Amino acid sequence: MTNSGFNPLPLIIIIALVVIIGGGFIFMWIYCMKIAKKQYTNMFIRETKDKWARGNSAPENAEHTVMFDTGMKWGTENAAYMKEIEMTAFDGLKMKGEYFDFGYDRACLIMAGRAETCKYCYYFADLYQKNKFNIIVVDPRAAGLSEGRYTGAGMLEGKDVASWLKVVHEQFGIDHFVIHGICIGSVAAIYVASEHNPLVDAIVLEGPFISFYNVLCQRTRNLGKPSFPVCFQMGLLFKKLAGIDIFGNTPIKAIRNVEVPQLMICGRQDVSSLPKYFDRINEVSGSKNKKMVWFDEGAHSHLRIRNLEGYDKAVTDFINEVL
């Protein structure tokens, strides 16, 4: 009887490990995909018109409610100057907005972040009205009265902003614009300016971020969920459903092409657009006239209400210097 010397045990062990590891990965992928789809749906898909409607998006937040009510008061006081405007986006969606015509030769387009509408933007309007700007406030895609099902992480919103500038330019003869963006709105401003839009004279950015994937990871960890592979899967959903690449097309890349004057408003308490990245964003910007202002207090998108005098002074000084 001969002994071939073949021992099947190592092969069996290797096969077993491959099955266990592969099966474990497949299980994790399927389990995490359920989390990713739920989180993506909650945060980035408008399923009904009631979701992200024109109203207070966070009535449970006392500070946010003060901002909203203050803005609505401004809107009521200036209703006589308001003209409803609309435009058709590059992908055929019908967008709605408002133009407050105070008779000036320049305008500020105030662009809100995710889940907000033109009514939220009222809160920032008096700052620019005092500095002799007409005011443009709009409902972003998939919010308010604008059409759309998917939000665009600032990329699609940037294209929409370019269309809004064109509409106001053609209908009202305005040639000079400042874009004041908050969160995703600030990233939309970056993308418009990076395309060297001739109508953009300056941009004011509150709470920009280096990439939307980075924001997703931060928020997912804050929710106690695994950032990987959940956020990677959400990135795939953005590609499939909204048609955008949050991995390769990032604000940190786009801002390198910005040439117009730029003001960044940064909060040290921001847990969405992390403060540790603000200096980096500012450093790589292509603008030769860029400024930063820091505030110690104020949550994400809530810097003005906590620092009203300093916030308004920073913006006023900036626009009066560069325009």
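**The core and the pockets**

In this predicted model, the largest nonpolar core comprises 102 residues, and Y128 and F238 have the most contacts inside it. Helix α3, which spans residues 118-130, contributes the largest share of this core, with nine residues. In soluble globular proteins, nonpolar side chains tend to be buried together.

When its neighbours within four places in sequence are set aside, Y128 is in contact with C108, F133, I135, V178, H180, V204, V315 and I319.

The largest pocket has a volume of about 730 Å³, and 28 residues line it. Nearest its centre lie R114, R219, S272, H300 and S301. Helices α1 (9-44) and α6 (212-222) each supply at least two residues of this lining, and α6 gives the most, with four residues. By class, the lining of the largest pocket consists of 14 nonpolar, 10 polar and four charged residues.

The second largest pocket has a volume of about 270 Å³. Its lining is formed by 14 residues, of which M155, G158, K159, Y191 and E195 lie nearest the centre. Here α4 (155-172) and α5 (184-194) each provide at least two lining residues, while the largest share, five residues, comes from α4. Seven nonpolar, four polar and three charged residues make up the lining of the second largest pocket.

Key:
Residues numbered from 1 in each chain as written. Predicted model: local features only at pLDDT ≥ 70, side-chain atom pairs only at ≥ 80, totals over all residues. Heavy atoms only, no water. Core = buried A, V, L, I, M, F, W, Y, C linked by side-chain atoms within 4.5 Å. Buried < 20%, exposed > 50% of the residue type's maximum accessible area, 1.4 Å probe, protein only. Contact = heavy atoms within 4.5 Å. 1 Å grid on protein atoms, 1.4 Å probe; cavity = no way out; pocket = protein on both sides within 12 Å on 5 of 7 lines; lining within 4 Å. Points joined across faces, edges and corners; volume = space filled by probe spheres on them. Nonpolar A, V, L, I, M, F, W, Y, C, P; charged D, E, K, R; others polar.
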